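Open the model in your viewer and keep the selection tool ready.

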Amino acid sequence: MKIRRYFRGSGRVLAFVFIASVIWLLFDMAALRISINDVNSQMLKERVIKERQIFRQQATKVTQMMNGGFKHPVQRIDYAGKGPFKAGNKVAEVYRHQLNKQEQMLSENRLNPVEQQGHIQAKLESSKSIVSKHNKEAAPYNITPKQHLPVKTRAPAKKAVNLEPTEKKTEVKKTGENGSIKVILPSVRSNITKVPPGVQKEKHVPLPTSEKKSHKIGDAIQKNMDSKTNEKVKDEPMAKSGKQVNQLKPNKKPRVKMSSKPSNQDVKGKEVGIKKEEKQDKILVKNGPIAVREAPKPTIKPKLHHGADSKVNFTVVQKPGVHKVLSLDMTQAPRDAIAVGQFGQAAIVPSDKEGEVRKRWDEGHFNVYLSDQIPLDRAIPDTRPQTCASSLVHDDLPTTSVIFCFVDEVWSTLLRSVHSVLNRSPPHLLKEIILVDDFSTKDYLKEQLDVYMSQFPKVRIVRLKERQGLIRARLAGAAIAKGEVLTFLDSHIECNVGWLEPLLERVYLDRKKVACPVIEVINDKDMSYVLVDNFQRGIFKWPLVFGWSTLTEEYIKKNNMTVSDPIRCPVMAGGLFSIDKKYFYELGAYDPGLDVWGGENMEISFKIWMCGGEIEIIPCSRVGHIFRGQNPYKFPKDRQKTVERNLARVAEVWLDEYKDLFYGHGYHHLLDKSVTDIGSLTEQIELRKRLKCKSFKWYLENVYPDMDAPLVKAEGLVFNRGLRKCLALQKGSLSFETCDLSKQSQHFNYTWMRHVRQQDLCVVPQGKETGLALELCDSAKANLRWFHKPSNSALGEHLLAESIPHQMCLEAGRQHDAIRLSECEPNNAFQKWQFTNYFTQ
């Protein structure tokens, strides 16, 4: 009763208001919650969309070298797609994210069997895998000095590997005193291709033959297999000296890939013997230097099943005459994973050794001290585009002779160059390595080098009796080469995995193709291995200065290019390329009149393109190169004069009328034959006629169309600002007329030779200082030259006589339309001249 009293009258109203307020509050809270949920949903949706956009951008992102200058093209690549992609302008000296998989090398103390469809299972015992992590900047190693000694060759006995195929077993056992391994294969039947019978003991199944010479790839590769099937790697923490040191962590086990050879008939109960050489090497999978594998052959793909007793089923694929590129990396001894510079990592020299670095810098104009601490067969990251590892090449590729020319080269870099070729080249394709010593003065490059290289039967050393220079040294090496293809390399490089076959494949497809690898960067200060952009090519700018240029996005899209496509290259860098030996000599080799070094890359590039050949950069072939600030060796003559003389020979033989652009870019002094003797050009001119080479104009239009090459600097009417009339040539004399474009008598050229020219006549000072005359044009005569439009000059619009010591300018007379020479006055309008069209400043 007491409670009802409160709900009477005004109490009832208050109760109603309270209840209504509570209900309203509940509705408001519900509405607010719904609103919050909507906002969260929208934010989540926007976040998902944004993350998808970022993912797409990252999937197609690729960095591009800077568009200016001509320094070595340091670059990072972040490409994960297979089709065309956009190019950017960022430069980052870091590793591509794809390399993390390829550089993970040290893992558990013991590797378990690795099973993968398409490969035969094998065991790797007592090995470790170590991950070498890369941040945006590779963590540097701190180094301690060590002395390199010749690597001893050893061939420990191989262990038997049990392979059990489905239904029938494949027996692998060691027999014989020489430790050869015999593999008894099961019967292989296929409706497509069958393996032939009659495989003899201690021999391999022959590859399918073709019209061309066939090479037994598996035989050569297996002969270079190390008898061990594992490799031990030290896993010790690196010493710290105030710098960050990479932490080595275990990672996934590397895969072991083995395959058999293709044939056309069944093999029943036959034995295949795998012999080992006296000096056997480890063959390493590209994903790391620990895993061992045989060279893959795409024609027979063993099929693996999981389980303790893995069995192998052989299926035959109809791919006769081709195989996947061999990603070889062979070592004579296990690699030390924490060695200085291993995996291409940067290293920092301790502060107490910086004086030694400076002291030895001039030996090679790079960090010689640090180079000597790095293993001679160090591992470097596989920087090829992903599609390259699975690309196919022909079985019967031609053999090659690799030619290194050197003079006073640093010991460690020379040996590292040779080891990289031996370790990463298919042995059956590497005919020989020829070291041409261009009369070195260093003692260690004499008997010590002979002794060291004596352990490698394929290495030959040629010593020149006097200094000849790079060009003639290469000719000396080519003259004794036995390979079908000549491969020229610099003596301070490191070849990457799979570098050789893509080059030889292009030459195999067309003997007139000259193949160049992508030249990557070995940093001259910390010896780190740095990536470069795929879409770059060699070009030149006037006056015949070599440089790198990145293909435009428009060009890439227009040609539907991918990262592994060959790139047409107007001019090669010159130091690294492969060329058919016979074709090299058909082209006349190098011009023997070129001295020492400089201009030979221009000469052979113009010769190749204009005489029917092609130059290509092959992205699937990568070679690291130390770019030095200057040549560490001395030139027999002045360096600048030597290079200028060589370039003048190239210009006179190959540039036709465009040679004026070369001379006009600061080389006018080379036209004076009494000062510069470029030698006889008769043989080179006759060679060009005999080869029926095209014109340089054709080269510019078809090979290098984006090159700006105007034949004159300015042309048209010559207008005088003060007189308001134009210069004219009438009856052998100069006068002024009312400007008229239709009159040819008023048309003049201002040429690269700095001539004011009409047809064959040039304006020239004569007689008294104020006199003028007309003479037949002669590029060698300095008195015919006029300065016009010089940069940052108060006399920019004047025509300044070059041959007169004090400044005299061409001036229009204020009366009677006369023309004369007068002392230059910057503000005198009668001394200011303007051509109708200017093509350059």
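Buried here means under 20% relative accessible area. The model is predicted.

Select cysteine 516. Its relative accessibility is 5%, so cysteine 516 counts as buried. The closest cysteine sulfur belongs to cysteine 569, 5.8 Å away, which is too far for a bond. Now select cysteine 569. Cysteine 569 is in no disulfide. At 1% relative accessibility, cysteine 569 is buried as well.

**Stop two: the disulfides.** How many disulfides does the structure hold? There are five. Counting bonded cysteines along the chain, the pattern reads 1-3, 2-4, 5-6, 7-8, 9-10.

Select cysteine 726 and cysteine 739. Their sulfur atoms sit 1.9 Å apart in a disulfide. The link is right-handed, with 95° about the S-S bond. Cysteine 726 lies in strand E28, and cysteine 739 in the loop between strands E29 and E30, so the bond ties together parts 13 residues apart in sequence. Cysteine 726 is buried at 1% relative accessibility. Cysteine 739 is partly exposed at 33%.

Move on to cysteine 762 and cysteine 777. A disulfide joins them, S to S 1.8 Å. The torsion about the S-S bond is about 105°, so this disulfide is right-handed. Cysteine 762 is in strand E32; cysteine 777 is in the loop between strands E33 and E34. Cysteine 762 is buried, at 0% relative accessibility.

Next, pick cysteine 809 and cysteine 824. Their sulfur atoms are 1.9 Å apart in a disulfide. A torsion of about 100° makes the disulfide right-handed. Cysteine 809 belongs to strand E36, and cysteine 824 to the loop between strands E37 and E38. Cysteine 809 is buried at 0%, and cysteine 824 is buried at 16%.

**Stop three: the cores.** Select Phe540, Phe606, Phe662 and Tyr699. Within the largest nonpolar core, of 116 residues, these four touch the most other members. Helix H14 (residues 639-654) gives this core its largest share, seven residues. Zoom in on phenylalanine 662. Beyond its neighbours within four places in sequence, its contacts include Trp542, Leu647, Tyr667 and Leu670. Then find the second, separate core of 23 residues, with Val718, Tyr750, Trp786 and Phe830 among them.

**Last stop: helix H7.** Select leucine 414, in helix H7 (residues 411-424). Buried or exposed? Leucine 414 is buried, at 0% relative accessibility. Apart from residues up to four places away in sequence, leucine 414 touches Phe406, Glu409, Leu445, Leu449 and Ser491.

Conventions. Residues numbered from 1 in each chain as written. Predicted model: local features only at pLDDT ≥ 70, side-chain atom pairs only at ≥ 80, totals over all residues. Heavy atoms only, no water. Core = buried A, V, L, I, M, F, W, Y, C linked by side-chain atoms within 4.5 Å. Buried < 20%, exposed > 50% of the residue type's maximum accessible area, 1.4 Å probe, protein only. Helix = DSSP H or I, 4+ residues; strand = E, 2+ residues; numbered from the N terminus. Contact = heavy atoms within 4.5 Å. Disulfide = S-S within 2.5 Å.
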